[in-house]
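Trainee: Before we start, please put the model up. I would like to work through its fold, core and ligand site.

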Amino acid sequence: MTTNILTHHDKPTPAPTPSAAFASLSLAEPILRALQAKNYTEPSPIQAQAIPHLLQGRDLIGVAQTGTGKTAAFALPILQRLAANPRPAISRRPRALILAPTRELAAQIAQSFADYGRFLKLSYAAVFGGVNITPQIRALSRGVDVLIATPGRLMDLERQKHVSFDQVEVFVLDEADRMLDLGFVHEIKRIISKLPPRRQSLLFSATMPPAIQELASSLVHNAARVEVTPVSSTAERIEQHVCHVNRQDKCKLLVHFINQKPSGLVLTFVRMKHMANKLVDQLAKEGVQAEAIHGNKSQAARQRALENFRTGRSRVLVATDIAARGIDVKGIALVVNYDLPEEPESYVHRIGRTARAGLDGQAIAFCDNSERNLLRNVERLIRRSIPVLKGHPFEGTVSAERPSQTLEYSGSGIDRPHRPARRSGGFRPSGSNRLGSRSGGKSTPRPAFNKAGFSRY
Ligand code: AMP
């Protein structure tokens, strides 16, 4: 279970055989032992690419989304570096600083450090808003080697002189694109300006729009660049479908799919916070117990909902996009896009919550008449048409005016089981080449906060 403050120290246990594939990356024995305990047999592609550069002390830009194993890609070399040069943790002066956009992700990264570093004598803490600051102040005062933080709370702590960055040897900016979406750009620039000039810097982002490139150039020097699974390519193991359905039938259709998966976890995405609460109530009327997770919930409520979901106590979780990247729960059998997202990239992040760590998964998008454009934007981004699902109770209630006029498979028709898009040739634009361009199909990103300053998620 993740908590707001998470510290961990050495716990010796018998050594299993370390993985040869990880050993070839020159990772130290206590780290290999921890990986063995996690049953990691082989490095993921981002780990295989990034770890050698990072162990050499190079800066790095990583284009990767969650689900690729990017946390270990940066955590393992950081642990190795700190353990190779041991010294007692200094009060309020962490040696490694990791910035994450959401509380859930920060807590999860801290848990990963605790897992991968369980045989090392290092300490870790996560600090983020929405919870009592006092235990965080106390943990910092005791001294932590690795600090994982969300930007707002970190700046509060820095202003109150509970933390300083002058001993930071390694800095990681995780999910940089999400950080900018959430409006953290000023906090991030301020934090970067306070880091010591001699440091190792890493930036990870699922997408690399110009604003992120600019940020990267102010952060890293002579950086290695590694890239896996561009955001436009959805995981190949996820079976994707769309159901054309009237808005008023969506809840009943969701119940149908929930009942079809009597044992698996079902994660449902909606666009707005109030819709998440409403859907939980509607599901309760249909006899389905669900919980909601969104930006208006207290941190304690969010963690409780996540924990209930993780343990299967509530099989259905209704989430907004704020939670999409932070949810790393094994056993999500189905992701439902109850509403299609306004930013097509969110579709990729949402469905990436299933088929984690090598497992298969299913994703179903509900598309009502008002959402046809959103569906088209998603299909342009992922460069494939999402097949229409057959045989559900609301089939045929809405005419599936499919975007086959705009997208087509080269080969047979679109209404067939999903086949992974190839980098070239799998899809082709009909009539023009605009679908070939990633930016061509993108909707303009909307700010994460509305005019009143409230988060939309
Ligand atoms: P991340 O992209 O860091 O959020 O990791 C996604 C999931 O993959 C997490 O559940 C990790 O525990 C898992 N994972 C990371 N690296 C490996 C690996 N080398 N082998 C198996 N699972 C892994």
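Predicted model: local features only at pLDDT ≥ 70, side-chain atom pairs only at ≥ 80, totals over all residues.

Mentor: Residues are numbered from 1 along each chain as its sequence is written, and side-chain values use heavy atoms, leaving out hydrogens and water.

Trainee: What share of the protein chain's residues counts as buried?

Mentor: Buried means under 20% relative accessible area (1.4 Å probe, protein chains only). The protein chain has 457 residues. The buried share is 57%.

Trainee: Which residues does F113 touch, leaving out those up to four places away in sequence?

Mentor: F113 is among the residues with the most contacts inside the largest nonpolar core, which has 46 residues. Such a core is a set of buried Ala, Val, Leu, Ile, Met, Phe, Trp, Tyr and Cys residues joined through side-chain atoms within 4.5 Å. Contact means heavy atoms within 4.5 Å. F113 touches F74, A75, I78, L79, I98, Y124, V146 and I148.

Trainee: How much of the ligand's exposed area does the protein bury?

Mentor: A ligand nitrogen is 2.8 Å from a polar backbone atom of E42, and a ligand oxygen is 3.1 Å from one of T68. Taken alone, the ligand exposes 490 Å² (Shrake-Rupley method, 1.4 Å probe). The protein buries 87% of that.

Definitions and conventions:
Buried < 20%, exposed > 50% of the residue type's maximum accessible area, 1.4 Å probe, protein only. Polar contact = N/O pair within 3.5 Å; in protein donor to acceptor, adjacent residues only side chain to side chain.
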